[in-house]
Amino acid sequence: MPTRALITGITGQDGSYLAEWLLERGYEVYGVVRRSSAPNLWRIEHLLDRIQLKPADLLDQLSLIRLIDEIRPRELYNLAAMSFVPASWDQPLLTGEYNAQGVTRALEAIRQVDPTIKFYQASSSEMFGKVREVPQSELTPFYPRSPYGVSKVYGHYITVNYRESYNLFACSGILFNHESPRRGLEFVTRKVTDGVARIKLGLASELRLGNLEARRDWGFAGDYVRAMWLMLQQPAPDDFVVATGETHSVRELVELAFNRVGLDWQQFVKIDERFLRPAEVDLLIGNPEKARAQLGWSPSVSFRQLVEMMVDADLQRLSRPAGVVARAQ
């Protein structure tokens, strides 16, 4: 029998890449989707004949228990979250319900139905926030600077707590920023590459951004889902930082993106205070040595390759007929 995996957040960037990775390894893949009058399935449209989607919600404990009892997966990847950091200030309570209590509900459902299910929790580099050391490792103290980061700290520690209290095989991947052409348009990397493509094609005349000096450790999402899977293949559960070990500024991101299309970024980029965070995270850079040593994991796509991949994909997308472009937002 093929191994069964259940993915919350399968319609997101990471969920779509993870589903592809698991299918390539012969898994039977199930995805959790919330009931909606307008499903957002564009990232997994090419997989719909190979995966099964099931309704449930991290806000509804009973729906999770019923679904896990029905599917009986061997691995559960919890990728669902309120994941856009700026929006967490606008909806701090809902962010906590999904990113903190939602994790607890998933873990408790596993504990009640089948404690042998292996669990992956999507932790975040935003937990480090106002960083205490550079680079950040699994032992670096957390100092979150947003409701999102605070909620992720809870989700991380409740995963550790259930592992230690109930002997669950529960892992947290502290993933630093990971991007792709499937990233949402609200995230700065995709906002930049989409904006550059629009300017190049004559569809826009400027790109408005916030803090150009913020620095992040950016990698390719397709590489990072491989690390998620590797964590659940280990003999014992543990937590891992997943990062490139390099840091780049938003300014560097902008320069590379505009260079890809032969334009001078300074002619088009405008600083807009509306996009500045109330409490900025200035520098994030991960130490991936533990993941390299214990998982045998390392990234395969460089920062330049990532930016150029995303610009090329947005140029291609925006060059299609209008109806096709609209489905790929």
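Colleague: Are Tyr-224 and Trp-297 buried or exposed?

Modeller: Tyr-224 is buried, and Trp-297 is buried as well, where buried means under 20% relative accessible area, exposed over 50%, and partly exposed in between (1.4 Å probe, protein chains only). This is a predicted model, in which local features need pLDDT of at least 70 and side-chain atom pairs count only at pLDDT 80 or more, while totals for chains, interfaces and linings use all residues. Residues are numbered from 1 along each chain as its sequence is written, and side-chain values use heavy atoms, leaving out hydrogens and water.

Colleague: How many aromatic pairs are there?

Modeller: A pair of aromatic rings is described by the distance of the centres and the angle of the planes. Rings of Phe, Tyr and Trp (its six-membered ring) pair if their centres lie within 6.5 Å, with planes under 30 degrees apart counted as stacked, over 60 as edge-to-face and the rest as tilted. By this rule there are 10 aromatic pairs. One of them joins Trp-21 and Trp-229, edge-to-face, with 5.8 Å centre to centre and 65° between the planes.

Colleague: Which parts does the pair of Trp-21 and Trp-229 tie together?

Modeller: Trp-21 belongs to helix H1 (residues 13–24) and Trp-229 to helix H7 (residues 221–231), so the pair ties together parts that are 208 residues apart in sequence; helices (H or I, at least four residues) and strands (E, at least two) are DSSP runs, numbered from the N terminus. Trp-21 counts as buried because its relative accessibility is 16%, and Trp-229 does so at 17%. Tyr-224 and Trp-297 also form an edge-to-face pair, at 5.4 Å centre to centre and 85° between the planes. This pair links distant parts of the chain, since Tyr-224 is in helix H7 and Trp-297 in the loop between helix H9 (289–295) and helix H10 (303–318), 73 residues apart.

Colleague: Where is Asp-239 found, and what does its side chain reach?

Modeller: Asp-239 is found in the loop between H7 and strand E11 (240–242), and it counts as buried because its relative accessibility is 10%. The side chain of Asp-239 makes a polar contact with that of Arg-163 at 2.9 Å, the term meaning a pair of N or O atoms within 3.5 Å where, within protein, one must be able to donate a hydrogen and the other to accept it, and where residues adjacent in sequence count only if both atoms are side-chain atoms. The side chain of Asp-239 also reaches the backbone nitrogen of Ser-172, at 2.9 Å.
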